[in-house]
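Colleague: Could you take me through one part of this model slowly, the sheet and how its strands sit side by side? I would be glad of the terms spelled out as you go.

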Amino acid sequence: VGPIVKVTWNDAASTFKEYRINAENPEEHLTVCETVGEMVAKNDKAIVLVMHGSQCDGADIMAIPADWAQEIEILRECTSENSESPKE
């Protein structure tokens, strides 16, 4: 059981017919993503969020490389009193 978080992270992007490349600030060409879910695992390599879970379908997860994350905003702390872990 982990907190409900919003992770803001940079992802690779490809664009077509670009007329200008910002060599001074190349990260401008990345795409900013926001993913919301329950953070169930985190270490120095990866952050794993569960975005949906059910007993019949299993869990839909997003694994984000930790060094891609720009911000992790805690939206709600979870405790065993207000949420349940999925059953195996």
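Modeller: Happy to! Two strands pair if DSSP finds at least two bridges between them. Strands themselves are DSSP runs of E with at least two residues, numbered from the N terminus. This is a predicted model, in which local features need pLDDT of at least 70, side-chain atom pairs count only at pLDDT 80 or more, and totals for chains, interfaces and linings use all residues. Residues are numbered from 1 along each chain as its sequence is written, and side-chain values use heavy atoms, with hydrogens and water left out.

Let's start in the middle of the sheet. Strand β2 (residues 31-42) and strand β3 (residues 46-54) run antiparallel and are joined by four bridges. To find this on your screen, look for Glu38, whose bridge partner in β3 is Val50. Then look for Lys42, which faces Ile47 of β3. The two strands make a hairpin, with three residues between them.

Moving on from β3, you reach another hairpin, in which three residues lead from β3 to β4. Here the pairing is again antiparallel, with eight bridges.

Now step back to the whole sheet. It is open and has five strands, in the order β4-β3-β2-β1-β5, with antiparallel pairing. β4 and β5 are at the edges with a single partner strand each, so one side of each has no neighbour in the sheet. On average, neighbouring strands are turned by 40 degrees against each other, direction ignored; the axes behind such angles are lines fitted to C-alpha atoms, for helices over the stretch in contact, and angles run from 0 to 180 degrees between N-to-C directions.

One more contact belongs in this tour. A search of the whole structure finds one aromatic pair. Trp9 and Trp68 are stacked, at 6.2 Å centre to centre and with 20 degrees between the planes. Rings of Phe, Tyr and Trp (its six-membered ring) pair if their centres lie within 6.5 Å, and planes under 30 degrees apart count as stacked, over 60 as edge-to-face and the rest as tilted. Trp9 sits in β1 (residues 4-11) and Trp68 in the loop between β4 (58-65) and β5 (69-76), 59 residues apart. Trp9 is buried, at 7% relative accessible area, while Trp68 is partly exposed, at 35%. Buried means under 20%, exposed over 50% and partly exposed in between, with a 1.4 Å probe and protein chains only.
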